[in-house]
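The chain and its coordinates are shown first.

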Amino acid sequence: MDFTLGDERTMLRDGLTRFLATRYDLAASRTAAKVGAGWQPGIWRSFAEDLGILGAALPEEAGGTGGGPVEVMVIAEALGHALVVEPYVDTAVVAAGLLRRAGGATADGLLEGIAAGTAVVALAAAEEGTGDDWRVPSTTAHRDGGEWVLHGSKMVVTTAPLATHLLVTAHTPAGPSLFLVDPATAGAALTMHRYRTVDDRWAADVVLDGVRVPTDALLGVDGALWPSLERARDEGAAAVCAEAVGCMRKVLADTVAYCAQRHQFGQPISAFQVLQHRMVDMHMEVEQAVAATYLATLHLDADPDARARAVSAAKATIGRAARFVGQNAVQLHGGMGMTEELAIGHYFKRLTTLQYEYGSTDFHVARYARLSRT
């Protein structure tokens, strides 16, 4: 099978890579995460206006360019290589996919905002005690006149502190459903406990205590959310697999370069055979991760079981590879590998958290095993 990118996708990758190399400074992004807004809104606008990547996988009628999973893979890998903290996967992949499948004027308008860079949307699905099981949310929604009223709480909602809109999963009398919530208009009925995650991203625990939203805040068919939500999680998992590949490629390259320039006993440590073997093992893990990510990406439009098997296989492979590559990179750099001043420590933290996003490694191993028995 030929995995060579075509001309348009190569241009997309090369243009984004050049932009990030010249405009995205790691120290500046970390400063923004810690003492600023938590991200760089100017970079986000450039993603929309200068590069068009926020709409790369959106239909043309929504202001996008009509791309698909391969475009997302190319973009996510480049963003991972530069360790970008802006919420591309959360907003332009997961939330956008849910909105696209929901349809309707409200969803279509928000998709246009995502493509234009004016809307940042976060999915609030995880709840305390449910782990990776999103099928039956304990958050509830009931009708009261011409409104829906939401009660419940969500945990570790990544991007929520930056978001203009939240997509909240809730159980109605008809079943699991999706609601659009505007934090700016929810008032005191919505509270957010913000915090910075270990990999310099922002998340929040969200409490909805009688949040009222209009009738058209219900997106899609009442009670029929699960197939779309499961696909959204798989799309997010495939995208973070690609992001992890970008991170690992950078980590491996930096480790090889460091071992070539660090001397011990009068020679570079890269001359020691045991360390050469270690770096070869890292390279093999990266290549397996690349192949697994291709498999997941190319199966996103397959039937649900085939898609789920491919994505879970990739996520499990990435989980193992990210741990091995990250830990060995830090070890080969020595104590300085975990310092704030060296990029390798920041990449290691991101590779660690990627193992748990959109389903943990254990969750995907169990799902793959279950699907393989049927």
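Axes are lines fitted to C-alpha atoms, for helices over the stretch in contact, and angles run from 0 to 180 degrees between N-to-C directions. Helices (H or I, at least four residues) and strands (E, at least two) are DSSP runs, numbered from the N terminus. The model is predicted, with pLDDT of at least 70 required for local features and 80 or more for side-chain atom pairs, while totals for chains, interfaces and linings use all residues. Residues are numbered from 1 along each chain as its sequence is written, and side-chain values use heavy atoms, leaving out hydrogens and water.

**Domains and annotations**

An automatic or database domain assignment supplies the domain bounds. The chain is divided into domain 1 (7-119), domain 2 (122-223) and domain 3 (226-371). The centres of domain 1 and domain 3, taken over C-alpha atoms, are separated by 21 Å. To their contact (heavy atoms within 4.5 Å), domain 1 contributes 21 residues and domain 3 contributes 27 residues.

UniProt positions are given in the numbering used here, with shortened feature names, and the annotations may be inferred rather than shown by experiment. An unreviewed UniProt entry places "domain: Acyl-CoA dehydrogenase/oxidase N-terminal" at residues 7-103. That span, 7-103, is 68% helix and 0% strand, and its end C-alpha atoms lie 32 Å apart. The unreviewed entry also places "domain: Acyl-CoA oxidase/dehydrogenase middle" at residues 122-209. Residues 122-209 are 5% helix and 57% strand, with the end C-alpha atoms 19 Å apart.

**Helix packing**

Two packed helices are described by the angle between their axes and the distance between the axes.

| Helix pair | Angle | Axis distance |
|---|---|---|
| α1 (residues 7-23) and α3 (residues 41-51) | about 145° | 12 Å |
| α8 (residues 226-261) and α9 (residues 273-298) | about 160° | 9 Å |

A crossing is left-handed if the near helix is turned anticlockwise from the far one by less than a right angle, and right-handed if clockwise. The crossing of α1 and α3 is right-handed. In α1, the residues that meet α3 include Gly15, Phe19 and Arg23, and their partners in α3 include Ile43, Phe47 and Asp50. By class, this contact of α1 with α3 has six nonpolar, two polar and two charged residues. Ala, Val, Leu, Ile, Met, Phe, Trp, Tyr, Cys and Pro count as nonpolar, Asp, Glu, Lys and Arg as charged, and the others, Gly among them, as polar.

Angles under 35 degrees count as roughly parallel, over 145 as roughly antiparallel, 65 to 115 as roughly perpendicular and the rest as oblique. Helices α8 and α9 are therefore roughly antiparallel to each other, and their crossing is left-handed. Among the residues of α8 that meet α9 are Ala238, Met248 and Arg249, while those of α9 include Met282, His283 and Glu287. The contact of α8 with α9 divides into 14 nonpolar, three polar and two charged residues.
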